[in-house]
Amino acid sequence: MKKIMMGDEAVARGAYEHGITFAAAYPGTPSTEILENIAKYKEIYSEWAPNEKVAVEAAIGASIAGARSLAAMKHVGLNVAADPLFTFAYTGVNGGCVIVTADDPGMHSSQNEQDNRYYAKFAKIPMLEPSDSQECKDFVGYALDISEKYDTPVLLRLTTRVSHGKGVVELGERQNVEMKPYKKDIPKYVMVPANAQKRHVVVEERLKALRQLSEEISINRIEWNDREIGIITSGISYLYVKEVFGDEVSILKLGMTYPLPSELIKKFAEGVKKLYVVEELEPYIEEHVKSLGIKVIGKEILPIVGELNPGIIRKAIKGHELEHISVDTKVPGRPPMLCAGCPHRGVFYVLKKKKVPVLGDIGCYTLGAAPPLEAMDTCVCMGASISGSHGFQKANEHNGRKQKIFSVIGDSTFFHSGITGLIDIVYNKGNAVPIILDNRITAMTGHQHNPGTGKTLMGEESPEIDIAKLSEAIGVKRVRIVDPFNLKEVENAVDEAMNTDDTMVIVAKGPCALIPPRPQGECRIDQDKCKKCGLCLRIGCPAISKKDGILSIDPDQCTGCTVCMQVCPFDAIEKVR
Amino acid sequence: MQEVKSILMVGVGGQGTILASNVLAEGLLKSGYDVKMSEVHGMSQRGGSVNTQIRFGEKVYSPVIEVGAADVIVAFEKMEAVRWLNYLKKDGVIILNTVEIPPLSVLISKEEYPKNLIEEISKSVKTIAVDADKIAESLGNIKAQNIVLLGVLVKYLGLQGIDWEEVIKNNVPQKFVELNTNAFRKGLEVI
Ligand SMILES: Cc1ncc(C[n+]2csc(CCOP(=O)(O)OP(=O)(O)O)c2C)c(N)n1
Ligand code: SF4
Ligand code: SF4
């Protein structure tokens, strides 16, 4: 049977068909749909881990136990999981293990565009790079075979257009794979120096064998056509090259990009007159080709920044673009914004008023940095808010500057990597104040459950981890739970924080407006009372607009959260529902 | 079978571009085409610009459309139509929903929603303007505007031979099947 599948969905199908029974991930665009789809197969145990490091470690445990396992994450997630990854390369596996990294060239939804192919080389782990959905499914099978045959974890690297691109996939049957027996093996699995020193030798030996495999494996293949031009490419770039050149040029398509097949590359280079490497982001393949002493054109004509597409490649190699219409009309941008009724809005409104530094984090609430709220000073990586605020505060204190420092962090991000920052504050007697924006969901990535929501990925009930109690247990002196829709309550807590040196955490607990049951209220502007001051526009609610001088609220969008009502100095806004 | 056709659907998060493109892709697959699609998730729920790209033919490589390569743009919103217009082929067609969705900068009177966009667009390309929102509203739910537009597209591409109503049934919740089937039929009648 044939089905149209997203790349992520096809990876999930591959996991199902190839007998994986354990899968873990932390959500992150564009990888999230892998686990969301795996969860539909009851044959696979699946879970949201609190972060990527935990997901990979759990997959390592499952593999050592003897099961075929998988962990998935976005590119920056692999930074978080890098620690176990590097040593997993030494221990090797028992049941086959695939680690999926979904990179985001162009940063559609990310804070950087690192090229994770370097992780394969760095950690000495083989890497496969599918180009389309069919390959996503098939390569999970190849990866598991390689993993078990060569006793190594295998990286599967997708990029946004592969993860979220859709194509036709031929479905197969599930192959039931018996769990392997577990045998205690201290020299293999206990990486103390004496054992690790021996395992590193094994890793180097394994690499030799993998290099040989890369020369022979069917997914590294040459398509000979006219030999005037030869292009080495992989992943989504292969499809772009085919789009532009069809069968006009010879192509070396690399499905396995670590280790790279040096002999195959030499043979291909000898067979063509002019050689190009077409790859997104870094000159990863290009550097290798050049290290073999081969003359090749790559990044001098193709960008390192952003995504490729057929147009860019056409222009770079063929020297022209397609004809197209150009329009002079400039239209305003349409950046994303906090939803009407979003619980984050009120907190940012109060923080803006207080003019305090707010160290930020990653989630929907990062939109609090956008106009008109602009109430966030930083966003680096998940978890960097609380720890960053601590460093900021300590540097201030040590250098004699007096200033209260706040941080904002979502519930999911707090569980991911905010807790350790809070421990830092308590342990080192800081007084920066974390505000935990507990909207009861992981909203940014499409509303996944997390350790605070009381539900698992597989839909089971589970204990809700209580953020306030956890903070108390860590030793925070003052923990205040506030309703983020009540501006006075938020402001009181912030004022209390401004006036104490005790450790303090504010938990702003109010549900995301998009989780059912969605709020059904409505506020309305009384035009007789409205003085057209426009103050309500400063909260950046998309339900409120000003047209021809008149302010009004769109009843279809408004949730009746009352934040605008509390901001209006003339009592012109009333709750009608 | 003919050469590869490229359809670009553009709009604003929440307008249902993804459902429309899913239905389109599934119908095309059923009738034997190779199909590739691309969409970018992430910020779409929070009112940002969204686009989905569908390419079909005997053999399709790239899931993304390059500038100047779209046969049809289905624009769910006027400003988005302008934003993506350079993707259209010189002789391409734009199916233009006449809806206006102001971005935040316009809502708070920082910028103005550009005027006369329909005239502007139809000056440079062949334009089929459709009041899909009004048609959907007359059927009882403005949300079905996406399927009205899909109907227009199907008619324009001459793909009425495919059992679209069956595909719609597979892709929408039971209680919305009738609404969407009617929306689709209305769309077919537009041109
Ligand atoms: C290491 C890492 N993993 C995953 C992501 C993707 N990501 C960004 S924000 C976020 C979760 C945000 O959830 P939460 O903190 O609850 O805030 P909300 O969006 O609900 O406001 C995720 C998973 C990332 N940027 N970095
Ligand atoms: S999805 Fe939820 S948390 Fe995100 S902006 Fe909308 S209401 Fe706020
Ligand atoms: S009550 Fe005011 S702030 Fe809240 S959603 Fe409605 S218009 Fe927006």
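**Before you start.** This is a predicted model, in which local features need pLDDT of at least 70 and side-chain atom pairs count only at pLDDT 80 or more, while totals for chains, interfaces and linings use all residues. Residues are numbered from 1 along each chain as its sequence is written, chains are lettered from A and ligands numbered from 1 in the order in which they are written, and side-chain values use heavy atoms, without hydrogens and water.

**Exercise 1. Describe the build of each chain.**

*Step 1.* Chain A has 20 helices and 22 strands. Helices (H or I, at least four residues) and strands (E, at least two) are DSSP runs, numbered from the N terminus.

*Step 2.* The radius of gyration of chain A is 27 Å, close to the 25 Å that the globule rule gives for 577 residues, so chain A is as compact as a globular protein of that length. This radius is taken over C-alpha atoms, and the rule is 2.2 Å times the number of residues to the power 0.38.

*Step 3.* Turn to chain B, with its eight helices and six strands. For chain B the radius of gyration is 16 Å, close to the 16 Å from the globule rule for 191 residues, so chain B is as compact as a globular protein of that length.

*Step 4.* Along the principal axes, the C-alpha trace of chain B spans about 50 × 40 × 35 Å, and the C-alpha atoms of chain A fill a box of roughly 80 × 65 × 55 Å.

*Step 5.* Buried residues (under 20% relative accessible area, with exposed over 50% and partly exposed in between; 1.4 Å probe, protein chains only) make up 60% of the 577 residues in chain A. In chain B, buried residues make up 60% of the 191 residues.

**Exercise 2. Work out which chains surround ligand 2.**

*Step 1.* List the neighbours, meaning residues with a heavy atom within 4 Å. Among them are A:Leu338, A:Cys339, A:Cys342, A:His344 and B:Arg46.

*Step 2.* Look at the chain letters: residues from chains A and B surround ligand 2, so the site is shared between chains.

*Step 3.* Sort the shell around ligand 2 by class: eight residues are nonpolar, three polar and one charged. Here Ala, Val, Leu, Ile, Met, Phe, Trp, Tyr, Cys and Pro count as nonpolar, Asp, Glu, Lys and Arg as charged, and the others, Gly among them, as polar.

**Exercise 3. Is A:Leu338 buried or exposed?**

*Step 1.* Locate A:Leu338 in the loop between helix 14 (310–318) and helix 15 (344–354) of chain A.

*Step 2.* With a relative accessible area of 5%, A:Leu338 is buried.

**Exercise 4. Examine the shell around ligand 3.**

*Step 1.* Of the 14 residues around ligand 3, A:Cys541, A:Cys558, A:Cys561, A:Thr562 and A:Cys564 come nearest.

*Step 2.* By class, this shell around ligand 3 holds 10 nonpolar, four polar and no charged residues.
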